[in-house]
Amino acid sequence: QYIHELEELDKKHFLHPTSPIQQQQQHGPSFIFTKGEGVMLEDIKGYKVIDGMSSLWNVNIGHGREEMGKVALEQMSKLAFSSCFATFSNEPAIKLAAKLADVAPGHLSATFFTSGGSESNDTAYKLARHYWILKGLPKKKKIITRTKSYHGVAMGATSATGLKPFRDFTNSLAPDFHYVENTSSEALRQMIELEGPDTIAAFVAEPVQGAGGVHIAPDNYFKEVRDICDEYNLLMITDEVITGFGRTGTYFGIEHYDVVPDMMCFAKGVTSGYAQLGGVMISERMHQDFAKHSTGTLLHGYTYSGHPMACSVALKNLEIIESENLIDRAKQMGAEMLAGFKALQKSQSIVGEVRALGLMGAIELVKDQDTNERFQEPVAPLVVAEAAKRGLVIRSVVFDGQDTLVMAPPLVINKEEINQMITILAETISAVEITYKK
Ligand code: PLP
(Lines give C-alpha, C1' and ligand atoms only; values in the text may rest on other atoms or scores of the structure.)
Protein backbone atom coordinates (compact mmCIF):
# COMPACT_ATOMS: atom_id res chain seq x y z
CA GLN A 1 0.00 0.00 0.00
CA TYR A 2 2.77 2.41 1.02
CA ILE A 3 4.69 1.64 -2.18
CA HIS A 4 1.59 2.23 -4.28
CA GLU A 5 1.05 5.58 -2.56
CA LEU A 6 4.62 6.61 -3.29
CA GLU A 7 4.23 5.64 -6.95
CA GLU A 8 1.06 7.70 -7.23
CA LEU A 9 2.70 10.72 -5.56
CA ASP A 10 5.66 10.40 -7.92
CA LYS A 11 3.35 10.41 -10.96
CA LYS A 12 1.43 13.38 -9.69
CA HIS A 13 4.11 15.64 -8.26
CA PHE A 14 7.58 14.71 -9.48
CA LEU A 15 8.74 16.08 -12.82
CA HIS A 16 11.76 13.88 -13.46
CA PRO A 17 14.96 15.08 -15.12
CA THR A 18 15.53 13.68 -18.62
CA SER A 19 12.41 11.56 -18.37
CA PRO A 20 10.15 9.78 -20.86
CA ILE A 21 7.34 11.93 -19.54
CA GLN A 22 4.32 10.04 -20.90
CA GLN A 23 5.60 6.71 -19.70
CA GLN A 24 6.44 8.23 -16.34
CA GLN A 25 2.97 9.70 -15.93
CA GLN A 26 1.30 6.43 -16.95
CA HIS A 27 3.37 3.87 -15.13
CA GLY A 28 5.20 5.81 -12.44
CA PRO A 29 8.81 5.15 -11.41
CA SER A 30 10.45 1.90 -12.53
CA PHE A 31 12.58 1.77 -9.39
CA ILE A 32 12.31 3.57 -6.09
CA PHE A 33 15.81 2.98 -4.77
CA THR A 34 16.21 2.83 -1.03
CA LYS A 35 19.66 1.35 -0.41
CA GLY A 36 23.10 1.06 -1.95
CA GLU A 37 26.13 -1.05 -1.13
CA GLY A 38 29.26 -1.16 -3.27
CA VAL A 39 28.15 -1.66 -6.89
CA MET A 40 24.63 -2.74 -5.89
CA LEU A 41 21.42 -0.75 -5.59
CA GLU A 42 18.29 -2.08 -3.89
CA ASP A 43 14.78 -0.82 -4.50
CA ILE A 44 11.86 -0.48 -2.16
CA LYS A 45 10.58 -3.94 -3.13
CA GLY A 46 13.92 -5.54 -2.22
CA TYR A 47 14.96 -6.03 -5.86
CA LYS A 48 18.74 -5.72 -6.35
CA VAL A 49 20.57 -4.48 -9.44
CA ILE A 50 24.19 -3.85 -10.37
CA ASP A 51 24.60 -0.10 -10.87
CA GLY A 52 26.44 -0.42 -14.19
CA MET A 53 26.38 3.36 -14.69
CA SER A 54 27.66 4.40 -11.25
CA SER A 55 24.19 6.00 -11.26
CA LEU A 56 25.07 9.00 -13.50
CA TRP A 57 28.76 8.15 -14.11
CA ASN A 58 29.47 9.61 -10.70
CA VAL A 59 29.41 7.17 -7.78
CA ASN A 60 33.09 6.31 -8.25
CA ILE A 61 33.75 4.98 -4.74
CA GLY A 62 30.54 2.93 -4.75
CA HIS A 63 27.42 3.15 -2.62
CA GLY A 64 26.91 2.91 1.11
CA ARG A 65 30.12 4.45 2.46
CA GLU A 66 29.33 5.31 6.05
CA GLU A 67 32.54 7.30 6.47
CA MET A 68 31.18 9.83 3.95
CA GLY A 69 28.07 10.38 6.05
CA LYS A 70 30.22 10.76 9.12
CA VAL A 71 32.35 13.49 7.54
CA ALA A 72 29.24 15.33 6.32
CA LEU A 73 27.68 15.14 9.77
CA GLU A 74 30.84 16.39 11.49
CA GLN A 75 31.13 19.35 9.14
CA MET A 76 27.44 20.20 9.28
CA SER A 77 27.45 20.04 13.06
CA LYS A 78 30.41 22.43 13.16
CA LEU A 79 29.56 24.75 10.29
CA ALA A 80 26.90 23.72 7.76
CA PHE A 81 27.27 26.82 5.64
CA SER A 82 29.02 30.13 5.40
CA SER A 83 29.62 32.28 2.34
CA CYS A 84 32.76 32.26 0.21
CA PHE A 85 31.86 35.53 -1.50
CA ALA A 86 34.40 38.31 -1.59
CA THR A 87 37.09 37.60 1.01
CA PHE A 88 35.21 35.08 3.20
CA SER A 89 36.47 31.53 3.24
CA ASN A 90 36.19 28.21 5.05
CA GLU A 91 38.58 25.38 5.92
CA PRO A 92 37.26 22.54 3.72
CA ALA A 93 37.08 24.79 0.62
CA ILE A 94 40.66 25.99 1.12
CA LYS A 95 41.95 22.46 1.69
CA LEU A 96 40.07 21.08 -1.31
CA ALA A 97 41.31 23.85 -3.63
CA ALA A 98 44.88 23.10 -2.51
CA LYS A 99 44.37 19.35 -2.91
CA LEU A 100 43.00 19.80 -6.44
CA ALA A 101 46.01 21.95 -7.38
CA ASP A 102 48.14 19.08 -6.18
CA VAL A 103 46.48 16.36 -8.26
CA ALA A 104 45.44 18.30 -11.38
CA PRO A 105 47.55 18.18 -14.54
CA GLY A 106 50.41 20.64 -15.03
CA HIS A 107 49.90 24.24 -14.09
CA LEU A 108 46.17 24.11 -13.22
CA SER A 109 46.34 25.73 -9.85
CA ALA A 110 43.20 27.61 -8.77
CA THR A 111 39.60 26.42 -8.44
CA PHE A 112 36.27 28.19 -8.76
CA PHE A 113 33.64 26.01 -7.04
CA THR A 114 30.12 25.30 -8.32
CA SER A 115 27.40 22.80 -7.44
CA GLY A 116 27.63 20.61 -10.55
CA GLY A 117 28.80 20.09 -14.10
CA SER A 118 26.40 22.43 -15.88
CA GLU A 119 27.33 25.34 -13.64
CA SER A 120 30.99 24.45 -14.16
CA ASN A 121 30.61 24.72 -17.92
CA ASP A 122 28.75 28.02 -17.79
CA THR A 123 31.42 29.30 -15.41
CA ALA A 124 34.25 28.20 -17.71
CA TYR A 125 32.75 30.00 -20.73
CA LYS A 126 32.17 33.17 -18.74
CA LEU A 127 35.64 33.13 -17.19
CA ALA A 128 37.21 32.52 -20.61
CA ARG A 129 35.36 35.47 -22.11
CA HIS A 130 36.10 37.66 -19.10
CA TYR A 131 39.77 36.75 -19.43
CA TRP A 132 39.90 38.16 -22.96
CA ILE A 133 38.07 41.31 -21.89
CA LEU A 134 40.74 41.83 -19.25
CA LYS A 135 43.46 41.20 -21.83
CA GLY A 136 42.00 43.97 -24.00
CA LEU A 137 40.61 41.54 -26.59
CA PRO A 138 36.83 41.77 -26.02
CA LYS A 139 36.03 40.46 -29.49
CA LYS A 140 37.28 37.04 -28.50
CA LYS A 141 33.98 35.55 -27.36
CA LYS A 142 33.08 32.54 -29.54
CA ILE A 143 33.28 29.10 -28.01
CA ILE A 144 34.05 26.17 -30.29
CA THR A 145 32.63 22.87 -29.14
CA ARG A 146 32.27 19.42 -30.71
CA THR A 147 29.41 17.55 -32.31
CA LYS A 148 28.24 14.66 -30.07
CA SER A 149 29.44 16.57 -27.00
CA TYR A 150 27.41 16.93 -23.82
CA HIS A 151 28.17 19.74 -21.41
CA GLY A 152 25.00 20.01 -19.32
CA VAL A 153 21.71 21.83 -19.27
CA ALA A 154 22.32 25.38 -18.00
CA MET A 155 21.90 27.90 -20.82
CA GLY A 156 25.60 28.09 -21.70
CA ALA A 157 26.09 24.36 -21.21
CA THR A 158 23.06 23.53 -23.38
CA SER A 159 24.33 25.86 -26.09
CA ALA A 160 27.74 24.19 -25.93
CA THR A 161 26.23 20.73 -26.20
CA GLY A 162 26.83 19.26 -29.65
CA LEU A 163 24.05 16.67 -29.35
CA LYS A 164 21.31 18.47 -31.21
CA PRO A 165 18.21 17.11 -29.43
CA PHE A 166 19.35 18.85 -26.23
CA ARG A 167 19.57 22.16 -28.06
CA ASP A 168 16.28 21.62 -29.92
CA PHE A 169 14.54 21.17 -26.56
CA THR A 170 14.47 24.95 -26.28
CA ASN A 171 13.89 27.56 -28.96
CA SER A 172 16.47 30.13 -28.00
CA LEU A 173 20.08 29.51 -27.10
CA ALA A 174 23.07 31.49 -25.91
CA PRO A 175 24.89 33.05 -28.89
CA ASP A 176 28.45 32.49 -30.08
CA PHE A 177 28.72 28.70 -29.86
CA HIS A 178 30.05 26.82 -32.90
CA TYR A 179 30.17 23.08 -33.46
CA VAL A 180 33.07 21.32 -35.04
CA GLU A 181 33.41 17.73 -36.20
CA ASN A 182 34.23 15.35 -33.41
CA THR A 183 37.83 14.23 -33.52
CA SER A 184 39.36 16.04 -36.45
CA SER A 185 41.95 18.63 -35.48
CA GLU A 186 42.03 19.73 -39.13
CA ALA A 187 38.32 20.59 -38.97
CA LEU A 188 39.06 22.68 -35.89
CA ARG A 189 41.78 24.56 -37.71
CA GLN A 190 39.47 25.24 -40.64
CA MET A 191 36.72 26.53 -38.37
CA ILE A 192 39.14 28.87 -36.57
CA GLU A 193 40.35 30.21 -39.92
CA LEU A 194 36.79 30.63 -41.12
CA GLU A 195 35.46 32.37 -38.01
CA GLY A 196 38.64 34.36 -37.39
CA PRO A 197 40.91 33.61 -34.42
CA ASP A 198 40.44 37.13 -33.07
CA THR A 199 36.74 36.30 -32.44
CA ILE A 200 37.30 33.00 -30.61
CA ALA A 201 37.65 32.72 -26.85
CA ALA A 202 38.02 29.01 -26.31
CA PHE A 203 37.67 25.45 -27.49
CA VAL A 204 35.97 22.94 -25.19
CA ALA A 205 36.04 19.12 -25.28
CA GLU A 206 35.42 16.09 -23.12
CA PRO A 207 38.59 13.93 -23.01
CA VAL A 208 36.29 10.96 -23.64
CA GLN A 209 32.81 11.85 -24.86
CA GLY A 210 30.43 10.32 -22.37
CA ALA A 211 26.74 10.97 -22.97
CA GLY A 212 27.41 11.11 -26.72
CA GLY A 213 28.29 7.39 -26.70
CA VAL A 214 31.73 6.91 -25.08
CA HIS A 215 33.84 8.11 -27.99
CA ILE A 216 37.58 7.92 -27.46
CA ALA A 217 39.75 10.37 -29.41
CA PRO A 218 42.68 9.17 -31.54
CA ASP A 219 46.05 9.19 -29.71
CA ASN A 220 47.41 12.39 -31.23
CA TYR A 221 44.15 14.40 -31.34
CA PHE A 222 44.46 16.42 -28.14
CA LYS A 223 48.14 17.20 -28.72
CA GLU A 224 47.20 18.67 -32.09
CA VAL A 225 44.32 20.56 -30.50
CA ARG A 226 46.66 21.99 -27.86
CA ASP A 227 49.06 23.17 -30.56
CA ILE A 228 46.23 24.74 -32.55
CA CYS A 229 44.90 26.56 -29.47
CA ASP A 230 48.40 27.95 -28.81
CA GLU A 231 48.95 28.88 -32.44
CA TYR A 232 45.70 30.86 -32.66
CA ASN A 233 45.74 32.20 -29.10
CA LEU A 234 42.63 30.54 -27.72
CA LEU A 235 42.01 28.88 -24.41
CA MET A 236 41.68 25.12 -24.25
CA ILE A 237 38.98 23.90 -21.87
CA THR A 238 38.56 20.23 -21.01
CA ASP A 239 35.30 19.01 -19.52
CA GLU A 240 36.33 16.31 -17.05
CA VAL A 241 32.89 16.07 -15.44
CA ILE A 242 32.74 12.33 -16.22
CA THR A 243 36.40 11.53 -16.89
CA GLY A 244 37.80 13.11 -13.72
CA PHE A 245 38.73 11.32 -10.50
CA GLY A 246 39.83 7.95 -11.77
CA ARG A 247 37.07 6.97 -14.17
CA THR A 248 39.37 6.24 -17.13
CA GLY A 249 42.28 4.75 -15.14
CA THR A 250 44.13 8.05 -14.67
CA TYR A 251 43.30 10.85 -12.23
CA PHE A 252 41.98 12.95 -15.13
CA GLY A 253 41.09 11.76 -18.64
CA ILE A 254 43.33 14.25 -20.45
CA GLU A 255 46.41 12.60 -18.86
CA HIS A 256 46.07 9.81 -21.45
CA TYR A 257 47.02 12.41 -24.04
CA ASP A 258 49.81 14.08 -22.12
CA VAL A 259 48.32 17.53 -22.62
CA VAL A 260 47.52 20.31 -20.13
CA PRO A 261 44.46 22.51 -20.76
CA ASP A 262 44.11 26.14 -19.65
CA MET A 263 40.86 25.42 -17.86
CA MET A 264 39.23 22.25 -16.62
CA CYS A 265 35.61 21.62 -15.61
CA PHE A 266 34.85 18.93 -13.03
CA ALA A 267 31.92 17.66 -10.92
CA LYS A 268 30.40 14.18 -10.38
CA GLY A 269 33.34 12.01 -9.21
CA VAL A 270 34.82 14.80 -7.06
CA THR A 271 32.35 13.71 -4.36
CA SER A 272 31.20 10.42 -5.94
CA GLY A 273 27.70 11.85 -5.62
CA TYR A 274 27.78 12.03 -1.82
CA ALA A 275 27.30 15.82 -2.10
CA GLN A 276 26.60 18.29 -4.89
CA LEU A 277 29.85 19.84 -6.02
CA GLY A 278 31.67 20.87 -9.16
CA GLY A 279 34.17 23.44 -10.23
CA VAL A 280 36.50 24.94 -12.79
CA MET A 281 40.25 24.91 -12.45
CA ILE A 282 42.30 27.57 -14.19
CA SER A 283 45.98 27.76 -14.98
CA GLU A 284 48.41 29.64 -12.79
CA ARG A 285 48.99 32.08 -15.66
CA MET A 286 45.27 32.85 -15.99
CA HIS A 287 44.98 33.23 -12.24
CA GLN A 288 47.85 35.71 -12.20
CA ASP A 289 46.43 37.57 -15.18
CA PHE A 290 43.06 37.90 -13.47
CA ALA A 291 44.78 39.45 -10.47
CA LYS A 292 46.99 41.67 -12.60
CA HIS A 293 44.40 43.10 -14.98
CA SER A 294 41.21 43.12 -12.92
CA THR A 295 40.44 46.38 -11.20
CA GLY A 296 36.93 45.51 -10.08
CA THR A 297 35.09 42.49 -8.76
CA LEU A 298 34.96 38.99 -10.24
CA LEU A 299 31.21 39.25 -10.77
CA HIS A 300 30.45 35.58 -10.92
CA GLY A 301 29.55 33.37 -7.97
CA TYR A 302 26.95 30.90 -6.74
CA THR A 303 25.55 30.90 -3.22
CA TYR A 304 26.96 27.41 -2.84
CA SER A 305 30.42 28.07 -4.32
CA GLY A 306 32.77 26.47 -1.80
CA HIS A 307 30.02 24.85 0.29
CA PRO A 308 31.82 23.59 3.42
CA MET A 309 29.93 20.30 3.76
CA ALA A 310 30.29 19.45 0.05
CA CYS A 311 34.02 20.29 0.13
CA SER A 312 34.63 18.17 3.23
CA VAL A 313 32.85 15.26 1.54
CA ALA A 314 35.03 15.76 -1.57
CA LEU A 315 38.21 15.67 0.53
CA LYS A 316 37.17 12.37 2.10
CA ASN A 317 36.22 11.00 -1.33
CA LEU A 318 39.66 11.82 -2.76
CA GLU A 319 41.29 10.25 0.29
CA ILE A 320 39.34 7.03 -0.37
CA ILE A 321 40.14 7.05 -4.10
CA GLU A 322 43.84 7.34 -3.28
CA SER A 323 44.09 5.06 -0.23
CA GLU A 324 42.18 2.26 -1.98
CA ASN A 325 44.10 2.68 -5.26
CA LEU A 326 40.85 3.05 -7.15
CA ILE A 327 42.52 4.71 -10.14
CA ASP A 328 44.71 1.67 -10.79
CA ARG A 329 41.76 -0.52 -10.11
CA ALA A 330 39.73 1.31 -12.77
CA LYS A 331 42.51 0.57 -15.22
CA GLN A 332 42.68 -3.13 -14.31
CA MET A 333 38.95 -3.71 -14.08
CA GLY A 334 38.50 -1.65 -17.25
CA ALA A 335 40.76 -4.12 -19.05
CA GLU A 336 38.65 -6.99 -17.67
CA MET A 337 35.47 -5.27 -18.82
CA LEU A 338 36.87 -4.73 -22.32
CA ALA A 339 37.97 -8.38 -22.48
CA GLY A 340 34.39 -9.30 -21.57
CA PHE A 341 33.06 -7.05 -24.34
CA LYS A 342 35.39 -8.76 -26.83
CA ALA A 343 34.11 -12.15 -25.73
CA LEU A 344 30.57 -10.89 -26.33
CA GLN A 345 31.61 -9.77 -29.78
CA LYS A 346 32.56 -13.40 -30.52
CA SER A 347 29.52 -15.02 -28.93
CA GLN A 348 26.79 -12.58 -29.99
CA SER A 349 26.15 -11.93 -33.64
CA ILE A 350 24.65 -8.44 -33.04
CA VAL A 351 27.65 -7.03 -31.16
CA GLY A 352 29.67 -4.69 -33.38
CA GLU A 353 32.50 -2.40 -32.27
CA VAL A 354 33.38 -2.43 -28.58
CA ARG A 355 35.58 0.07 -26.74
CA ALA A 356 36.56 1.17 -23.26
CA LEU A 357 38.98 3.47 -21.51
CA GLY A 358 39.23 2.45 -17.88
CA LEU A 359 35.74 1.86 -16.56
CA MET A 360 33.97 3.79 -19.30
CA GLY A 361 32.84 1.48 -22.06
CA ALA A 362 30.55 1.04 -25.05
CA ILE A 363 29.14 -1.80 -27.13
CA GLU A 364 27.67 -1.04 -30.55
CA LEU A 365 24.79 -3.17 -31.76
CA VAL A 366 24.59 -4.11 -35.43
CA LYS A 367 22.40 -6.21 -37.66
CA ASP A 368 25.44 -7.49 -39.50
CA GLN A 369 28.90 -7.73 -37.91
CA ASP A 370 30.65 -7.78 -41.28
CA THR A 371 29.00 -4.79 -42.90
CA ASN A 372 28.20 -2.89 -39.68
CA GLU A 373 24.63 -2.44 -40.94
CA ARG A 374 22.34 -1.18 -38.20
CA PHE A 375 18.86 -2.32 -37.30
CA GLN A 376 16.06 -0.20 -38.73
CA GLU A 377 14.93 0.68 -35.21
CA PRO A 378 17.63 0.86 -32.49
CA VAL A 379 17.66 -2.22 -30.27
CA ALA A 380 19.90 -0.82 -27.51
CA PRO A 381 16.92 0.56 -25.51
CA LEU A 382 15.41 -2.93 -25.55
CA VAL A 383 18.61 -4.45 -24.27
CA VAL A 384 18.71 -1.85 -21.51
CA ALA A 385 15.13 -2.64 -20.43
CA GLU A 386 15.79 -6.39 -20.52
CA ALA A 387 19.09 -6.05 -18.62
CA ALA A 388 17.32 -4.17 -15.82
CA LYS A 389 14.93 -7.13 -15.46
CA ARG A 390 17.96 -9.38 -15.14
CA GLY A 391 19.67 -7.23 -12.51
CA LEU A 392 21.88 -4.81 -14.41
CA VAL A 393 21.35 -1.09 -14.98
CA ILE A 394 23.12 0.34 -18.03
CA ARG A 395 22.31 3.01 -20.62
CA SER A 396 21.55 3.19 -24.33
CA VAL A 397 22.69 5.92 -26.73
CA VAL A 398 20.68 6.37 -29.91
CA PHE A 399 21.69 9.92 -30.90
CA ASP A 400 22.95 10.46 -34.43
CA GLY A 401 21.88 7.04 -35.68
CA GLN A 402 23.85 5.27 -32.97
CA ASP A 403 22.66 2.01 -31.44
CA THR A 404 24.99 1.72 -28.51
CA LEU A 405 25.09 0.38 -24.96
CA VAL A 406 27.24 2.36 -22.54
CA MET A 407 28.36 1.51 -19.06
CA ALA A 408 30.55 2.92 -16.32
CA PRO A 409 30.38 0.87 -13.12
CA PRO A 410 31.79 2.11 -9.79
CA LEU A 411 35.58 1.94 -9.56
CA VAL A 412 35.29 -0.47 -6.61
CA ILE A 413 33.91 -3.19 -8.87
CA ASN A 414 35.71 -6.56 -8.65
CA LYS A 415 36.37 -9.25 -11.24
CA GLU A 416 33.48 -11.39 -10.12
CA GLU A 417 31.07 -8.48 -10.48
CA ILE A 418 32.47 -7.65 -13.93
CA ASN A 419 31.87 -11.28 -14.93
CA GLN A 420 28.36 -11.03 -13.57
CA MET A 421 27.75 -7.93 -15.73
CA ILE A 422 29.07 -9.70 -18.82
CA THR A 423 26.95 -12.80 -18.12
CA ILE A 424 23.81 -10.70 -17.78
CA LEU A 425 24.71 -8.83 -20.97
CA ALA A 426 25.22 -12.10 -22.85
CA GLU A 427 21.85 -13.47 -21.72
CA THR A 428 20.08 -10.21 -22.46
CA ILE A 429 21.62 -9.70 -25.88
CA SER A 430 20.83 -13.32 -26.80
CA ALA A 431 17.19 -12.83 -25.78
CA VAL A 432 16.89 -9.61 -27.81
CA GLU A 433 18.75 -11.16 -30.73
CA ILE A 434 16.27 -14.05 -30.96
CA THR A 435 13.42 -11.55 -31.25
CA TYR A 436 15.07 -9.17 -33.68
CA LYS A 437 17.53 -11.07 -35.86
CA LYS A 438 15.06 -11.93 -38.58
N1 PLP B 1 29.68 17.84 -18.67
C2 PLP B 1 29.71 16.53 -18.92
C3 PLP B 1 30.82 15.97 -19.74
C4 PLP B 1 28.70 15.69 -18.42
O5 PLP B 1 28.72 14.38 -18.69
C6 PLP B 1 27.68 16.25 -17.62
C7 PLP B 1 26.61 15.41 -17.06
O8 PLP B 1 26.44 14.26 -17.38
C9 PLP B 1 27.68 17.63 -17.40
C10 PLP B 1 28.71 18.39 -17.93
C11 PLP B 1 26.61 18.28 -16.62
O12 PLP B 1 26.76 18.02 -15.27
P13 PLP B 1 25.55 18.21 -14.25
O14 PLP B 1 24.51 17.20 -14.64
O15 PLP B 1 26.18 17.92 -12.90
O16 PLP B 1 25.07 19.60 -14.34
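This note goes through a predicted model point by point, from the overall fold down to single residues.

1. Overall dimensions. The protein has 15 helices and 17 strands. Its radius of gyration is 22 Å, close to the 22 Å that the globule rule gives for 438 residues, so the protein is as compact as a globular protein of that length. The C-alpha trace spans about 65 × 55 × 45 Å along its principal axes.

2. Burial and contact range. Of the 438 residues, 47% are buried. Take the contacts between residues at least 6 apart in sequence: 72% of them join residues at least 24 apart.

3. Domains. The domain assignment gives two entries. Domain 1 is made of 31–61 + 325–436, and domain 2 covers 67–323. Their centres, taken over C-alpha atoms, are separated by 28 Å. Domain 1 puts 26 residues into the contact, and domain 2 puts in 25 residues.

4. The domain 1 side of that contact. Which elements give two or more residues to it? They are helix H3 (54–57), helix H13 (326–347), strand S14 (361–365) and strand S17 (404–407). H13 supplies the largest share, 5 residues. By class, this side of domain 1 holds 15 nonpolar, 8 polar and 3 charged residues.

5. The ligand shell. The ligand is surrounded by 14 residues. Gly116, Gly117, Ser118, Gly152 and Val241 are the closest. Helix H6 (residues 117–134) gives the most to the shell, with 3 residues. The class count for the shell is 5 nonpolar, 7 polar and 2 charged residues.

6. The S1–S2 hairpin. Strand S1 (residues 33–37) and strand S2 (residues 40–43) run antiparallel and are joined by 4 bridges. Lys35 stands opposite Glu42 in S2. The hairpin has 2 residues between the strands, and Gly38 takes a positive phi near 60° there.

7. Strand S5, burial. How many residues of strand S5 (residues 142–146) are buried? The count is 5 of 5. In a regular strand the side chains alternate between the two faces of the sheet. In S5 both faces are covered. Lys142, Ile144 and Arg146 lie on one side, Ile143 and Thr145 lie on the other, and all are buried. Note that Lys142 and Arg146 are among these buried residues.

8. Strand S5, partners. S5 runs parallel to strand S7 (residues 200–205), with 3 bridges between them. In that pairing Lys142 stands opposite Ile200. S5 also runs parallel to strand S6 (residues 177–180), and here 4 bridges join the strands. Arg146 stands opposite Val180 in S6.

9. Thr243. This residue sits in the loop between strand S10 (235–239) and S11. Is Thr243 buried or exposed? It counts as buried, because 29 C-beta neighbours lie inside 10 Å. Beyond its neighbours within four places in sequence, Thr243 contacts Glu206, Pro207, Val208, Thr248, Phe252 and Gly253. Thr243 and Ser312 are 69 residues apart in sequence and 21 Å apart in space, C-alpha to C-alpha.

10. Ala275. Its place is the loop between strand S11 (263–266) and strand S12 (278–283). Ala275 has 21 C-beta neighbours inside 10 Å and therefore counts as buried; the cut-off is 20 or more. Not counting residues up to four places away in sequence, Ala275 touches Ala72, Met309, Ala310 and Val313. From Ala275 to Gln332 there are 57 residues in sequence and 27 Å in space, C-alpha to C-alpha.

11. Val214. Phi of Val214 is near 50°, a positive value in a residue other than glycine. The residue lies in the loop between strand S8 (208–209) and strand S9 (215–216). Val214 is buried, because 25 other C-beta atoms lie within 10 Å.

12. Asn233. Here too the residue is not a glycine, and phi is positive, about 60°. Asn233 lies in the loop between helix H10 (221–231) and S10. With 14 C-beta neighbours inside 10 Å, Asn233 counts as partly exposed.

Key. Residues are numbered from 1 along each chain as its sequence is written. This is a predicted model: local features need pLDDT of at least 70, side-chain atom pairs count only at pLDDT 80 or more; totals for chains, interfaces and linings use all residues. Domain bounds come from an automatic or database domain assignment. Two residues are in contact if their C-beta atoms, placed from the backbone, lie within 7 Å. Ala, Val, Leu, Ile, Met, Phe, Trp, Tyr, Cys and Pro count as nonpolar, Asp, Glu, Lys and Arg as charged, and the others, Gly among them, as polar. A residue is near a molecule or strand if its C-beta atom, placed from the backbone, lies within 6 Å of it. A residue is buried if 20 or more other C-beta atoms lie within 10 Å of its own, exposed if 12 or fewer, and partly exposed in between; C-beta atoms are placed from the backbone. The radius of gyration is taken over C-alpha atoms; the globule rule is 2.2 Å times the number of residues to the power 0.38. Two strands pair if DSSP finds at least two bridges between them.
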